[in-house]
Amino acid sequence: DNGNQRKHLLIPEVFPEAAHRTLVCNSLGKSASATGWRLGWCLHPPALSSLYRGVHDQLVAMAPHPMQYASLAYLNLPTEYFRETLSSRYINRIRKLADALKSIGFGVILPEGSYYLFVDFESVKELKGLSPTDAAMYLLQEVGVASVPGDNFYGKSEEGKKYLRFAACRSDTDIDNAIVRLKEKLHPVMM
């Protein structure tokens, strides 16, 4: 249970020799609990600017004006918010969601520097024997909670056939509501 002991690594800080060829891309979607905004930025050395612009022009259509102002307000929050408040908020959300998922029968793999929980769903009665896609669809349609099929992260491997991924980046209210739904509709397999 050491999911909160590791921190996200910034490649140019950890490997300065790679800084001249590293692009650091981020967005506000997750950190600002504004999933779907797709508003972000990319930091890169000046030498990579023209290369990045070519990719950027093909990926980005626009950033609506109100989202730009909301983003400015968010980015102008005090430094302590980003160093302490945001980090502890994610740690608490991760722990809360992990504890709830464990109580239902999921095998939880705690994240190390992220807010995603990778879970084994084979010990959940309603999901046992389903494919990851069918398990994710069951959760969405019957429980009202979204997850991502775990086999999306394994390429051609069969290793992902028993996993789902949950995100703890939503608001506390959203996570609390998801936990209520999960506990109401799912049960551990009785051995």
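Student: So which residue in β6 does Tyr 116 stand opposite?
Tutor: Tyr 116 stands opposite Ala 167 in β6. Keep in mind that this is a predicted model.

Student: And how many bridges join β4 to β6?
Tutor: Five bridges join them, and the two strands run antiparallel.

Student: What actually holds strands together in general?
Tutor: Strands of a sheet pair through backbone hydrogen bonds, in either a parallel or an antiparallel way.

Student: OK, and in what order do the strands sit in this sheet?
Tutor: The order is β3-β4-β6-β5, four strands in an open sheet with antiparallel pairing. At the edges stand β3 (107-109) and β5 (148-149); each has a single partner strand, so one side of each is left without a neighbour in the sheet.

Student: How many of the residues in β4 are buried?
Tutor: Four of its five residues are buried, so β4 is mostly covered.

Student: What about Tyr 116, is that one buried or partly exposed?
Tutor: Tyr 116 counts as partly exposed, because its relative accessibility is 24%. Tyr 115 is buried, with a relative accessible area of 18%. The cut-off for buried is under 20% relative accessible area.

Student: What kind of aromatic pair do Tyr 115 and Tyr 116 form?
Tutor: A tilted one, with 4.8 Å from centre to centre and 55 degrees between the planes.

Student: How many aromatic pairs does the structure hold?
Tutor: Ten aromatic pairs. In one of them, the rings of Tyr 74 and Tyr 81 have centres 5.9 Å apart and planes at 85 degrees, so that pair is edge-to-face. Tyr 74 and Tyr 81 are both buried. There's also an aromatic cluster formed by Phe 118, Phe 153, Tyr 154 and Tyr 163.

Student: Switching to helices now. Which strands does α5 lie across?
Tutor: Helix α5 (residues 79-104) lies across β3, β4 (116-120) and β6, and runs at about 10 degrees to β4. As for α6, that helix lies across β5 and β6, at about 40 degrees to β6.

Student: At what angle do α5 and α7 pack?
Tutor: At about 5 degrees, with their axes 10 Å apart. That makes α5 roughly parallel to α7. Among the residues making the contact are Leu 97, Ala 100 and Leu 101 of α5, along with Ile 175, Ile 179 and Leu 182 of α7. By class, the contact has seven nonpolar, one polar and five charged residues.

Student: And what's the angle between α6 and α7?
Tutor: Helix α6 (residues 132-143) and helix α7 (residues 172-185) pack at about 100 degrees, and their axes are 11 Å apart. The two are therefore roughly perpendicular to each other. Leu 139, Glu 142 and Val 143 of α6 make the contact with Arg 181, Leu 182 and Lys 185 of α7. Those residues divide into three nonpolar, no polar and three charged.

Student: Let's zoom out. How many helices and strands are there?
Tutor: The protein has seven helices and six strands. From the N terminus on, the elements run α-β-α-β-α-α-α-β-β-α-β-β-α.

Technical notes. Residues numbered from 1 in each chain as written. Predicted model: local features only at pLDDT ≥ 70, side-chain atom pairs only at ≥ 80, totals over all residues. Heavy atoms only, no water. Axes fitted to C-alpha atoms, helices over the stretch in contact; angles between N-to-C directions. Parallel < 35°, antiparallel > 145°, perpendicular 65-115°, else oblique. Contact = heavy atoms within 4.5 Å. Nonpolar A, V, L, I, M, F, W, Y, C, P; charged D, E, K, R; others polar. Pairing = 2+ DSSP bridges. Phe/Tyr/Trp six-rings, centres within 6.5 Å; stacked < 30°, edge-to-face > 60°. Buried < 20%, exposed > 50% of the residue type's maximum accessible area, 1.4 Å probe, protein only.
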